[in-house]
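Good morning, and thank you for the time.

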Number of protein chains: 2
Amino acid sequence: MASQNTIVVIDDESQIRKILSITLGAEGFKVIEASKGKEGIVAVANNHPQLVILDLGLPDEDGFTVLKEIRTWSNIPIIILSVRNSEDDIVKALDLGADDYVTKPFNTAELIARIRANIRRTQLPDSQSVVVNGDLKIDFSKRLIYKNDEELKVTNTEYMLLFLLFRNLDKVLTHNYLLKEIWGPVHSEDSQYLRVFIGQIRKKIEDDPAHPKYITTDSGVGYRMRLINN
Amino acid sequence: MASQNTIVVIDDESQIRKILSITLGAEGFKVIEASKGKEGIVAVANNHPQLVILDLGLPDEDGFTVLKEIRTWSNIPIIILSVRNSEDDIVKALDLGADDYVTKPFNTAELIARIRANIRRTQLPDSQSVVVNGDLKIDFSKRLIYKNDEELKVTNTEYMLLFLLFRNLDKVLTHNYLLKEIWGPVHSEDSQYLRVFIGQIRKKIEDDPAHPKYITTDSGVGYRMRLINN
DNA sequence: TAAATTCTTTACAAAATCTTTATGACAAAG
DNA sequence: CTTTGTCATAAAGATTTTGTAAAGAATTTA
């Protein structure tokens with residue numbers, strides 16, 4: 001189980017670590033500092049923190065590498081810290097499984113808000129195991145999907161897709177992200193899988209599969225589950 | 001920490017320095033004057049001003065060199081002063097990291113407005129996931145654009161352009177910069193792409209696309225998203 | 001083992017998007 | 001006043017991306 005209120009900060013700048021230690025400490029978090037990528041990975045593995053703050057500009061290895069490494073064995077929320085602000089990096093980090101992105105110099109109050117939001121989100125499925133959207137419903141604990149309170153028969157892969165989409169209502173999930181999450185990094189280019197499965201799901205959940213209102217397409221980017229006003 | 005309300009003016013013409021000293025002094029700024037490039041660099045390093053005004057036509061060393069030098073260790077906003085008819089220089093300076101430009105002879109009121117805009121921009125938290133401007137709104141995490149709280153349908157390329165413009169409110173982004181960021185270095189000369197896409201975006205976001213208030217044109221230089229008072 | 005289910009792969013039409021071209025307006029320069 | 005260069009805009013054409021069906025392979029179930 002994750003250690004309550006523990007955060008691992010991976011950043012080579014001691015000043016940043018200090019600021020975060022003090023600020024987050026005052027907010028009731030226990031902060032574990034790491035100045036190097038490998039050190040950080042070990043710290044995450046040993047301490048099972050609730051969240052990780054990771055700087056992209058590490059000296060020994062690229063922040064992306066650390067991110068990838070952690071994501072091979074953990075779904076812990078990771079907030080990226082970086083001076084870079086090009087969209088490519090943001091998309092790349094998000095594709096690799098980062099949960100959020102904050103650029104330096106950052107506003108402390110906002111970073112704390114982001115931390116809380118990310119912790120809250122990952123705890124959602126436990127405390128609130130049912131999410132309702134329009135006439136659809138997903139029960140995470142039972143692993144079931146309903147439409148108009150009737151159980152839908154979905155395959156394992158279809159469920160995984162729906163799971164990810166329901167967990168990120170209104171947010172676009174990139175092809176890359178979905179493919180990596182479900183089929184693994186090897187198939188991160190095989191977007192035809194997605195087309196086929198999204199098509200299958202639409203047949204089951206949409207009233208008019210040719211004009212979907214739940215799962216919409218962002219051409220060239222990905223898919224998103226629309227939040228429908230209930 | 002940056003000294004509140006301090007501006008360093010680097011210009012070899014004593015008359016210009018005098019005018020700026022008086023005008024900006026009356027606006028509540030403390031002005032530090034430098035007549036030569038090196039002197040200016042030292043002044044910036046020692047005084048940590050809030051903003052720098054730099055003349056491109058310096059005698060001892062080229063204004064570009066000063067700009068490059070300062071940019072190696074500081075992100076302080078730098079406004080370029082330049083004689084008219086030297087658009088090439090302006091573009092070059094902006095691509096080297098200058099924040100804005102004003103052509104001589106300049107309108108004092110406009111210069112002051114530019115100074116305030118640039119100071120304000122650097123104080124905006126750049127890690128917000130939602131930015132509001134007039135009746136427009138962008139949600140970076142969801143990757144959505146709204147006008148009057150209604151979602152706008154934008155293509156991937158249109159979104160990338162809006163992303164960059166929203167991240168740099170009130171700052172002119174050069175053709176070159178935008179083309180490189182979105183189409184890659186190969187197309188850095190194809191400014192007709194920009195014209196077409198800016199036109200498309202204006203149709204969607206402007207009340208009167210022929211007289212845009214959001215995305216304005218800096219002829220020969222680039223485009224900028226104006227900050228609208230909310 | 002046979003049947004049923006699910007997944008993978010392919011192919012092609014449809015839709016969406018991007019690129020290219022052409023034209024005219026406008027402002028600045030000569 | 002003419003020339004030149006930049007910009008706005010529409011629209012045609014090219015390209016890319018997506019939706020969909022369907023066949024074969026693999027896996028699961030009975």
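Predicted model: local features only at pLDDT ≥ 70, side-chain atom pairs only at ≥ 80, totals over all residues.

Residues are numbered from 1 along each chain as its sequence is written, with chains lettered from A and ligands numbered from 1 in the order in which they are written.

Helices here are DSSP runs of H or I, at least four residues, and strands are E runs of at least two, numbered from the N terminus. Confidence in chain A is lowest in helix H4 (residues 87–95), with a mean of 72, and highest in H8(A), at 97.

Which residues come closest to DNA strand D? Among the 22 around it, they are Arg195(A), Thr217(A), Arg195(B), Ala210(B) and Thr217(B); near means a C-beta atom, placed from the backbone, within 6 Å. Helix H8 (191–205) of chain A and its counterpart H8 (191–205) of chain B each give two or more residues to this surface.

DNA strand C has 16 residues around it, the nearest including Thr155(A) and Ser219(A). Here helices H6 (156–167) and H8 of both chains A and B contribute two or more residues.

Finally, in H4 of chain B, Ile90(B), Val91(B), Ala93(B) and Leu94(B) are buried, that is, 20 or more other C-beta atoms, placed from the backbone, lie within 10 Å of their own. Gly97(B), which follows H4(B), has a positive phi, near 115°.

Key:
pLDDT = per-residue confidence, 0-100. Buried ≥ 20, exposed ≤ 12 C-beta atoms within 10 Å, placed from the backbone.
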